[in-house]
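Subject: Handing over a structure

Hello,

Here is the structure I promised to pass on. Please have a look at it before you read my notes.

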Amino acid sequence: MASNPPGQGFQNKNRVAILAELDKEKRRLIQNQSMNSPGASIPLSRPALNKDFRDHAEQQHIAAQQKAALQHAHAHSSGFFITQDSSFGNLILPVLPRLEPE
């Protein structure tokens with residue numbers, strides 16, 4: 001068997017002590033996080049606020065794009081267009097009149 005160099009046993013004991021302390025700190029943090037404290041719920045609610053803000057900003061951006069596309073189409077075309085949600089990502093859709101059969 002190989003012999004351990006001097007001081008190796010002390011280093012191993014030191015590592016074990018450090019790992020035990022880290023494990024104890026980790027358990028304490030998990031316990032504090034699971035408690036129903038007012039500070040613990042704040043980070044959980046912020047992502048929802050950020051998502052709502054992004055959704056609202058995205059809706060405003062799409063509405064502005066629809067308005068610009070509609071104005072452009074009316075200015076440069078003799079057809080009629082409407083804004084409507086499209087499964088294909090179209091901002092505006094052309095409207096075709098129905099003609100009565102003769």
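**What I found**

Glu25 is partly exposed, at 36% relative accessibility.

Before going on, some ground rules. This is a predicted model, in which local features need pLDDT of at least 70 and side-chain atom pairs count only at pLDDT 80 or more, while totals for chains, interfaces and linings use all residues. Numbering starts from 1 along each chain as its sequence is written, and side-chain values use heavy atoms, with hydrogens and water left out.

**Salt bridges**

Glu25 has a partner. Its side chain meets that of Arg28 in a salt bridge, at 2.4 Å from N to O. The term means a side-chain nitrogen of Lys or Arg within 4 Å of a carboxyl oxygen of Asp or Glu. Side chains of opposite charge can pair when their charged atoms come close. Arg28 and Glu25 are 3 residues apart in helix α1, so about one helical turn separates them. Arg28 is partly exposed too, at 39%.

How many salt bridges does the whole structure hold? The search finds 2. Arg27 and Asp23 form one of them, with their closest N and O atoms 3.2 Å apart. Both residues sit in helix α1 (residues 8–34), 4 residues apart, which is about one turn of the helix. Arg27 is exposed, with a relative accessible area of 58%. Asp23 is partly exposed, at 33%.

**A nonpolar patch**

Ile18, Leu19 and Leu22 make a nonpolar patch on the surface. Together they have about 310 Å² of accessible area. Patch residues have over 30% relative accessible area and no salt bridge; like charges are joined within 9 Å, and nonpolar side chains (Val, Leu, Ile, Met, Phe, Trp, Tyr) within 5 Å. Leu19 belongs to helix α1. Leu19 is exposed, at 57%.

**The chain as a whole**

The chain has 2 helices and 2 strands. From the N terminus, their order is α-α-β-β. Both kinds of element are DSSP runs, numbered from the N terminus: helices are H or I with at least four residues, strands are E with at least two.

The chain has 102 residues, and 3% of them are buried. Areas come from the Shrake-Rupley method with a 1.4 Å probe, and for residues only the protein chains shown count as cover.

Take the contacts between residues at least 6 apart in sequence: 12% of these join residues at least 24 apart. A contact means heavy atoms within 4.5 Å.

**Two residues to look at**

Is Gln66 buried or exposed? Gln66 is buried, at 15% relative accessibility. Its place is helix α2 (residues 38–76). Beyond its neighbours within four places in sequence, Gln66 contacts Thr83, Gln84, Asp85, Leu91 and Ile92.

Ile82 lies in strand β1 (residues 80–83). Ile82 is partly exposed, at 36%. Residues up to four places away aside, Ile82 touches Leu70, Leu91, Ile92, Leu93 and Val95.

**Confidence**

The mean pLDDT of the chain is 77. That score is the predictor's confidence in each residue, from 0 to 100. In the chain, 76% of residues reach 70 or more. Confidence is highest in strand β2 (residues 92–95), at 86, and lowest in α2, at a mean of 75.

Over to you.

Best wishes

Key. Buried < 20%, exposed > 50% of the residue type's maximum accessible area, 1.4 Å probe, protein only.
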